[in-house]
Amino acid sequence: MAVVVVESPAKAKTINKYLGSNYTVLASFGHVRDLPPKDGSVDPDAEFAMKWEVASDSKKHIKAITEALANDDELILATDPDREGEAISWHLQEALEKKLKGKKVSRVTFNAITKSAITEAMKHPREVDRPLVEAYLARRALDYLVGFNLSPVLWRKLPGARSAGRVQSVCLRLIVEREMEIEAFKAREYWTVTAELTTPRGQSFTARLTVLGGKKLEKFDLTTETDAELAVHAVTSRDLSVKSVEAKPATRNPYPPFMTSTLQQEASRKFGMGAKACMQAAQRLYEAGYITYMRTDGIDMAPEAVMAAREEIKRRFGDKYIPESPRMYKNKAKNAQEAHECIRPTDMAAGPETLKLADDQAKLYDLIWKRTLASQMSAAVMERTTVDITSPDHQVELRATGQVLTFDGFLKIYDQGRDDDEDDDGARLPQIMAGEPAKKGAITPEQHFTQPPPRYTEATLVKRMEELGIGRPSTYASILTTIVDRGYVRKDKNRLIPEDTGRLVTAFLSNYFRRYVEYDFTADLEEQLDDISAGDRDYKEVLARFWRDFSAALGETSELRISEVLDKIDEVLGPHLYPPRPDGTDPRECPMCHAGRLHLKTARSGGAFIGCGNYPECRYTRPLSAPGDGEAAALDGKILGYDEGQAITLRIGRFGPYVQKGEPTEDMPKPPRSSLPKGWAPDTIDLERALMLLNLPREVGAHPEDGVMIEAGIGRFGPFVKHGSTYANLREVDEVFTIGMNHAVEVLAQKKARGPGRGAAAQPLRELGEHPEGGPVQVMPGRYGPYVKWGKVNATLPKELEPETVTLEQALPLIEAKAGAGGKKKAAPKKAAAKPAAKTAAKTAAKPAAKKAAPKKAAAKKPAAKKASTKSAATDTPEAD
């Protein structure tokens, strides 16, 4: 029997069904080796020698493969058909080198997990593609050299910064620069005039003023209300008639089938689905055999798939929806690193209604199926009509436009979503004939203001990265996830907004490592990696050239002092940190002492804030972003009222807004203060609410059992009630001020019944459904945040997934990743050895995992934590498959 190795248990399970009992199918659970997250893993002085290490969690998977090979003399590496898949196969071959002596090793690839595709692939084995591997080695070395050399510079010179990455930092720059464009934007006022007109047959339509005083109106010709009123008078004082009616036929061709970037963009537009969630759902569909490989930059389709699509279109919609000849699409991007066929269904006849899929997978499959069929359908046909209406003296002219769809074509099943800057002129006009009068109705002036460029969504950011040649299909999702997880960017209503730390990092890199965050430089480096993939460049020469200049740039920053860096960033970010004040006073003047000037400062705990240069005489501070919100800045120091003769004030500090009673004195250097709870906006705080906060903890009453006082307050982990040494969380902040004795006793009793610490039997927040291998999947509350639970596997929910909305399809990849990373998943070895017939291999694979699981977890606690913190420096690593 031959041993076949793929990346994931789900893929192994599907493939095993097609190969039968002559093969043992095992999973590697992604990459089995990686560079240790420490200095020296890539040695530029030894021709960029790379020291690889088998991950502790991968050792049991390697052992399972080794034991299966003891009885079999052939290894078939069947990992994904892209650069990452080739790298995984190479790592497996290297890690198993000693065990492969005298055995046949081959590599096979298939673009879809179907019986025909796998059977055909097995007929064409080959060796591991060395140029593809070298492209991977070059990318991995570049990311390591940047991450492990630039990140420490950031830590030393810019307190509070987390890490920098070769592509991550360029992506961050895009978001920061867009935000700066928005802040620098000055809106311009302009006006338009529209008229409600009626034909002699009583049908109404709307026209826009296009000519005034015999001259064509430009956008900013009417800039004031007076201009608009004069234009309205010019129209109302004249009779109007139809000058011309021009109707032109037009066609609209379908969009090409999906590749990775366009799938991510469309999933974001139509479903608000992030790049990571999109790729997780697509991975599931691919592993189940429903779609072709989902990391690709290609838009062409296999000839047999084109014919199958045409047959399905004919069956469902008829001959008129099929063009005379198949549509052929050519990709504009030059890229040899990724798989090249589009993302499409493996079976065109399998409509979304025929498959039982849940949530994100169902949405995504529906999208892919419709887009694929639409790409081979007839063009939509429409009639576009332009009507010009004029006065007898030709001093005023108005225009009405519209279109009528005469044949829907591909629009019958699919139309692409739209981005912010796209308009549609789709109004339908009534029957209008040249020369006939147009009766005037309401003539309306309308005020407009130019709009700033919109913030990026994940869809528009991926589109922009693709246009610039930054990143590749396998890296888009991980880049976006990294900058959000690092706290450099936050997502608000699907928009990407840079945090202050992200601005600081971008300002630092743009000033001291400018070349390495330039778009052209990053895109050129991607092209060099493509050339390596094609065998046209030597990867070590590319690394040597990069390292020569990059190490010199690192050396130039070695003597920099933190104060110099802060002064430079303070200057660069000045317009953002200190915007003009409405009263025209110096924006850097301290609003408290009026003597000192405001400067960028760093806290001992890390991070930055704005503080008065007159410290310690003046202790004024505020967060970096405070001036961006003029109202918040104006509230700083506001007197809310008086209590016991002392002023109760609202302050904006470097850790956020708070209320304070009195001022610092020698007897009381730190007056009573209380931070505003999450959700309490500064502009809603009055004297009553401020005193409620300052008087915490609040006494609820004596406990009926022992007379000890029950208190309610707000602590580090949120609102709580306390009785003696027992703390119980409250759901809402407002409960702190309203909870009564009965409810407080009940909440405390429930907490005691559950017991203290991790052993508490917490109740699930939600039931997500059954796991494919049996057993419920639940969302659970945890001390450090919500998590999903299946059997003995607990997987933390990432920040972007809310416990109230997370779906079963989103939870399954988290559980699988946790199980593969050493979680206590029951029957995990069975999933790795997805072949029921190969009982011996599955058994031997299960034994070492079962034996080592418990002691390994206990022993590895400290080193694991250390490793995780060090690894934060390494960025831009493509997603594990």
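**From values to words**

Mentor: Gladly! Leaving out neighbours within four places in sequence, R173 is in contact with T506, R514, V517, E518 and Y519. Please keep in mind that this is a predicted model.

Trainee: What makes these residues count as contacts of R173?

Mentor: Contact means heavy atoms within 4.5 Å, and T506, R514, V517, E518 and Y519 are the residues in contact with R173 once neighbours within four places are set aside. The C-alpha atoms tell a related story: R173 and S510 are 337 residues apart in sequence and 8.5 Å apart in space.

Trainee: Why is R173 called buried?

Mentor: Buried means under 20% relative accessible area. R173 has 9%, so R173 is buried. As for its place, R173 lies in helix α6, residues 168–184.

Trainee: E518 was in that list of contacts. Which patch does E518 belong to?

Mentor: E518 gathers with D520, D524 and E527 in a patch of negative charge on the surface.

Trainee: What makes the charge of that patch negative?

Mentor: Asp and Glu count as negative, and the patch is made of E518, D520, D524 and E527.

Trainee: And why is D520 called exposed?

Mentor: Exposed means over 50% relative accessible area. D520 has 65%, so D520 counts as exposed. D520 sits in helix α15, residues 519–533.

Trainee: What does G40 touch beyond its sequence neighbours?

Mentor: With neighbours within four places left aside, G40 is in contact with K51 and Y144. Also, the C-alpha atoms of G40 and F148 are separated by 9.5 Å, although these residues are 108 apart along the chain.

Trainee: Which label does D359 get, and why?

Mentor: D359 has 37% relative accessibility, so D359 counts as partly exposed. D359 also has a positive phi, about 45 degrees, and is not a glycine. Its place is in helix α11, residues 359–374.

Trainee: What follows helix α12?

Mentor: G469 follows α12, and the phi of G469 is positive, near 80 degrees. Within α12 (residues 458–468), the buried residues are E458, A459, T460, L461, V462, M465 and L468.

Trainee: Where are there cis peptide bonds?

Mentor: One joins Y615 and P616, with omega about 10 degrees. Another runs from L696 to P697, with omega near 0 degrees. P616 lies in the loop between β21 (608–612) and β22 (621–622), while P697 lies in the loop between α20 (687–694) and β27 (698–702).

Trainee: How much of the whole chain is buried?

Mentor: Buried residues make up 50% of the 881 residues. The chain has 26 helices and 34 strands. Among contacts between residues at least 6 apart in sequence, 68% join residues at least 24 apart.

Definitions and conventions: Residues numbered from 1 in each chain as written. Predicted model: local features only at pLDDT ≥ 70, side-chain atom pairs only at ≥ 80, totals over all residues. Heavy atoms only, no water. Patch = residues over 30% accessible without salt bridge, like charges linked within 9 Å, V, L, I, M, F, W, Y side chains within 5 Å. Areas by Shrake-Rupley, 256 points an atom, 1.4 Å probe, with all protein chains shown as cover. Salt bridge = Lys/Arg side-chain N within 4 Å of Asp/Glu carboxyl O. Charge placed at Lys NZ, Arg CZ, Asp CG, Glu CD. Helix = DSSP H or I, 4+ residues; strand = E, 2+ residues; numbered from the N terminus. Buried < 20%, exposed > 50% of the residue type's maximum accessible area, 1.4 Å probe, protein only.
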